[in-house]
Amino acid sequence: MQPLLSHEVTGTRVGHMPVHELIDIWAAVSSGVVKYGFGIEYRDLEPPRTGIFDGLRIVLDPDVGFEMQCFLLLHLFGHSVQWVAPSIEHKLDALQHTPDKKEFMNVLQAYEMDAARYALQLLHERGITNQDRWFSDFVHTDWHYVERFYQEDRLPPWSECVVSGGELIAPQPIPPLKHRQVEVRFAF
């Protein structure tokens, strides 16, 4: 299989968000991520990685389209919360130690949706309360992409995973964080 370039992963943008709205999202979210104590960095990442996090910072590949960068920053913030919030760290055990593939997929979906809820909470805290549809569609598209990856053992075309009108994600309060370095995890 020939590796995808990171900019090819974005293919079709889920919501075709107007640039001025993306700028508002980026400004609000990047400020919120920093206020929660995470650094933000741009770095060339090995394809197909589009972003990584390590408990201290979120790194995005600059070749990824701007709409995808906005989603990735939110998404990786949600996952970062999961890895550095002492009150919910027990939930990571099943993610790391569930050998049955079907059960693992259920655990993984719950993990992805929890991250999305923390991300949406950040978006709301930063005053962006009119983009729940855009964000929810991106979350469901991302889940469909990840699910197909695990089913097919290859990265599917992003354009085949786009979801519109999926169930709206509900925000979840962000628990207290205790920043620490964790094993690097990534988005693709």
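In which loop does Gly127 lie? In this predicted model, Gly127 is found in the loop that links helix 4 and helix 5. The relative accessibility of Gly127 is 55%, and because exposed residues are those over 50%, Gly127 counts as exposed. Gly127 and Ile23 are 104 residues apart along the chain, and their C-alpha atoms are separated by 13 Å.

The average pLDDT of the protein is 91, and 93% of the residues score at least 70. Over residues 1-13, pLDDT stays under 50. For this segment the model has 29 contacts beyond four places in sequence.

The protein comprises 5 helices and 4 strands. Read from the N terminus, the order of these elements is α-β-β-β-α-α-α-α-β. The radius of gyration is 15 Å, against 16 Å from the globule rule for 188 residues, so the protein is as compact as a globular protein of that length. The C-alpha trace spans about 40 × 40 × 35 Å along the principal axes. Of the contacts between residues at least 6 apart in sequence, 69% join residues at least 24 apart.

Burial and surface were computed for the protein as a whole. Buried residues make up 49% of the 188 residues. The accessible surface amounts to about 9,100 Å², and carbon and sulfur atoms account for 52% of this area.

In soluble globular proteins, nonpolar side chains tend to be buried together. The largest nonpolar core of the present model contains 56 residues, and Trp134 and Phe135 have the most contacts inside this core. At least two core residues come from each of helix 1 (19-35), strand 3 (57-60), helix 2, helix 3 (92-97), helix 4 (101-125) and helix 5 (132-152). Helix 4 gives the most to the core, with 12 residues.

Helix 2, which is among the elements that supply the core, covers residues 66-84 and has 19 residues. From its first C-alpha to its last, helix 2 reaches 27 Å, close to the 27 Å expected at 1.5 Å a residue.

Key. Residues numbered from 1 in each chain as written. Predicted model: local features only at pLDDT ≥ 70, side-chain atom pairs only at ≥ 80, totals over all residues. Heavy atoms only, no water. Expected span 1.5 Å × (residues − 1). Core = buried A, V, L, I, M, F, W, Y, C linked by side-chain atoms within 4.5 Å. Buried < 20%, exposed > 50% of the residue type's maximum accessible area, 1.4 Å probe, protein only. pLDDT = per-residue confidence, 0-100. Contact = heavy atoms within 4.5 Å. Rg over C-alpha atoms; globule rule 2.2 N^0.38 Å. Areas by Shrake-Rupley, 256 points an atom, 1.4 Å probe, with all protein chains shown as cover.
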